[in-house]
Amino acid sequence: MGKALLLDCDGVLADTEEFGHLVAFNQVFDEFGYPFRWSKEEYARLLKVGGGKERVRAYATATGVDLGFDGDLVVASTAIHRRKTEIYIELVTTGRLPERPGIRRLVDEVLDAGWTVAVASTSALESVRSVLRAVVDPEAFARVAGIFAGDVVENKKPAPDVYLLALDALGLDPADTVVIEDSEAGAAAAHAAGLKHLVTLSSFTGTDAFPDATAVVDSLGDPGVPVRVQDGLDVRNAAGLIDRASLERILAS
Ligand SMILES: [Mg+2]
């Protein structure tokens with residue numbers, strides 16, 4: 001088996017929290033006639049709560065806002081979350097969620113070199129598939145070896161389970177497999193699975209800790225979008241971008 005690239009979805013393929021989930025939550029609040037909206041700062045705090053429904057309930061409990069539904073927070077948060085998911089999928093499938101710099105370029109490059117590419121995420125499978133379809137070309141999408149997502153594993157990141165599953169299912173050698181993550185929990189999952197990883201910081205992960213990352217950068221970069229190295233090895237190519245050779249240097253480090 002040759003080399004492999006395993007990608008996280010949210011924050012790596014696209015900045016889904018800021019330009020997808022947050023936008024969708026605020027659209028539901030508008031549709032439901034609520035007087036409040038979540039700012040980026042508010043949402044950053046709420047992201048400490050895992051799960052969309054749980055996030056809505058935590059906000060309502062902390063602020064005392066009236067969500068209707070006779071004050072039943074479980075019913076209200078379920079209705080909000082159901083509509084929010086519809087809006088999110090629509091945002092993604094209509095191409096209104098911008099891909100992160102360099103993703104399309106790097107995926108094409110490593111696929112052309114014969115690498116195995118897969119996505120390992122703990123978000124819902126349908127969401128992950130939609131995001132991947134939106135950020136790579138159809139031909140590249142067809143060559144992706146697997147999408148490991150949602151409830152395929154019991155223990156979500158930072159547990160290593162989804163990465164261990166991907167390694168096993170695709171018959172990959174951990175020594176030849178590099179991961180790209182954007183968050184502390186994701187990086188910890190990769191490390192616990194014995195995998196070298198590169199971190200591309202996203203909207204809400206700039207203050208996370210990445211003690212085991214080989215390199216931390218602000219993005220993969222594209223022509224006109226230079227990469228800034230935040231920590232670790234400088235693996236940028238001569239043009240200042242992250243490319244296949246950058247990933248090979250991470251594997252060899
Ligand atoms: Mg992520």
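Here is a quick briefing on the sheet, the helices packed on it, the salt bridges and one surface patch.

This is a predicted model, so local features need pLDDT of at least 70 and side-chain atom pairs count only at pLDDT 80 or more, while totals for chains, interfaces and linings use all residues. Residues are numbered from 1 along each chain as its sequence is written, and side-chain values use heavy atoms, with hydrogens and water left out.

**The sheet**
- Seven strands make an open sheet with mixed pairing, in the order S3-S2-S1-S4-S5-S6-S7; strands (E, at least two residues) and helices (H or I, at least four) are DSSP runs numbered from the N terminus, and two strands pair if DSSP finds at least two bridges between them.
- S3 (146-148) and S7 (229-232) sit at the edges with a single partner strand each, so one side of each has no neighbour in the sheet.
- From one strand to the next, the twist averages 20°; axes are lines fitted to C-alpha atoms, for helices over the stretch in contact, with angles from 0 to 180 degrees between N-to-C directions.
- S5 (residues 196-200) and S6 (residues 215-217) pair in the parallel sense over three bridges, and leucine 198 has alanine 215 as its bridge partner in S6.

**Helices on the sheet**
- H5 (residues 103-112) lies across S1 (4-7), S2 (116-120) and S4 (177-181), at about 150° to S1.
- H8 (residues 161-170) lies across S1, S2, S3 and S4, at about 150° to S3.

**Salt bridges**
- The count is 18, taking a side-chain nitrogen of Lys or Arg within 4 Å of a carboxyl oxygen of Asp or Glu.
- Arginine 228 and aspartate 218 have their closest N and O atoms 3.5 Å apart; both lie in the loop between S6 and S7, so the pair ties together parts 10 residues apart in sequence.
- Glutamate 42 and arginine 45 meet at 3.8 Å, N to O, and both lie in H2 (residues 40-46), three residues apart.
- Asp8, Lys157 and Glu181 are linked in a network of salt bridges.

**Surface patch**
- Phe32, Phe69 and Val75 make a nonpolar patch of about 230 Å²; patch residues have over 30% relative accessible area and no salt bridge, with nonpolar side chains joined within 5 Å and like charges within 9 Å, and areas come from the Shrake-Rupley method with a 1.4 Å probe.
- Valine 75 lies in H4 (residues 73-93) and counts as partly exposed at 41% relative accessibility.

Note on methods
Buried < 20%, exposed > 50% of the residue type's maximum accessible area, 1.4 Å probe, protein only. Contact = heavy atoms within 4.5 Å.
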